[in-house]
Amino acid sequence: NPSLGGFARLAKAVKDIRAAKEAAGEPVLLISGGDYLGGSPFAWLALEGEAPELTLMQELGYDVVTIGNHEYDYGPDVLAQYLKAAGYPDANAKTVLLSANTLPPAGHALNDVGIRNTHVQVLANGLKLGFFGLIGKDAINVAPYSAPMEFADQAETARKAVAELEQQGVDVIIAITHAGEDEDIDLVREVSGIDVIVGGHAHTLLEEPIIEGETIIVQSGELLKHLGNLELAYNPETGKVRVRNTDTGKP
């Protein structure tokens, strides 16, 4: 269906949302759960030393992105070249690249592009957000060209990231995962302290968030067909986060 998706439509939607939120005095974050390289009509340009998808995402003002299995479609050497073409590590000042359990071998070029374990962002209203990124077990299993990369255990990595962010005094902890909702649910059951998971990999369109315990899990389908719009409120007295889409009338 040619009327679905596309960076131009996404840019227009994001611009409209940001304008409405600015008028309401509310902050906006734009986040990707990965898989922006392999599969796009111009992914082949990665082999020519270009980074069209991630460069466009930077232009759209993505705050945080993670690494999915399709970022390894041409192997980790091409991924490193792609990230350098997109301006990393300096580009972290604009669009933060997170993947806490990604372990490049010593001497590999992916060590030089600034992949971060965690990120702290303070909003204009003073709210302190802590982020970390993860690639899941199934995503790793379907990334046959990722060698010689290694990946740490997801739950163990998440515990370390949560502890690090809590030490930095964040109010809200957000995991950006490329794992699928089933693995996200398992992660929440194993690791406490995660308030929100923005997920990917399974290509599931969650029209309503999954609430596991006190954690909000969202995922917005595939191939840029949809833009997830999650409205949140934070209560400083209880330290809890809740979904407020019903309050705002936004599906």
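Leaving aside its neighbours within four places in sequence, I176 is in contact (heavy atoms within 4.5 Å) with I31, S32, G33, V64, T66, F131, F132, G133, L134 and V198. The model is predicted: local features need pLDDT of at least 70 and side-chain atom pairs pLDDT 80 or more, while totals for chains, interfaces and linings use all residues. Residues are numbered from 1 along each chain as its sequence is written, and side-chain values use heavy atoms, without hydrogens and water.

I176 belongs to strand β8 (residues 172-178); strands are DSSP runs of E with at least two residues, numbered from the N terminus. With a relative accessible area of 0%, I176 is buried, a term that means under 20% with a 1.4 Å probe and protein chains only. Between I176 and I31 lie 7.9 Å in space, C-alpha to C-alpha, although the two are 145 residues apart in sequence.

An open sheet has three strands in the order β1-β2-β3, with parallel pairing; two strands pair if DSSP finds at least two bridges between them. β1 (31-32) and β3 (96-98) each have a single partner strand, so one side of each is left without a neighbour in the sheet. Strand β2 (residues 64-66) is joined to β3 by three bridges, and V64 stands opposite V96 in β3.

The lining of the second largest pocket consists of 13 residues, of which G193, I194, D195, E214 and T215 lie nearest its centre. A pocket is an open set of points on a 1 Å grid over the protein atoms alone, where a 1.4 Å probe fits, with protein on both sides within 12 Å along at least five of seven lines; lining residues have an atom within 4 Å of a point.

Conventions:
Helices (H or I, at least four residues) and strands (E, at least two) are DSSP runs, numbered from the N terminus. Buried means under 20% relative accessible area, exposed over 50%, partly exposed in between (1.4 Å probe, protein chains only).
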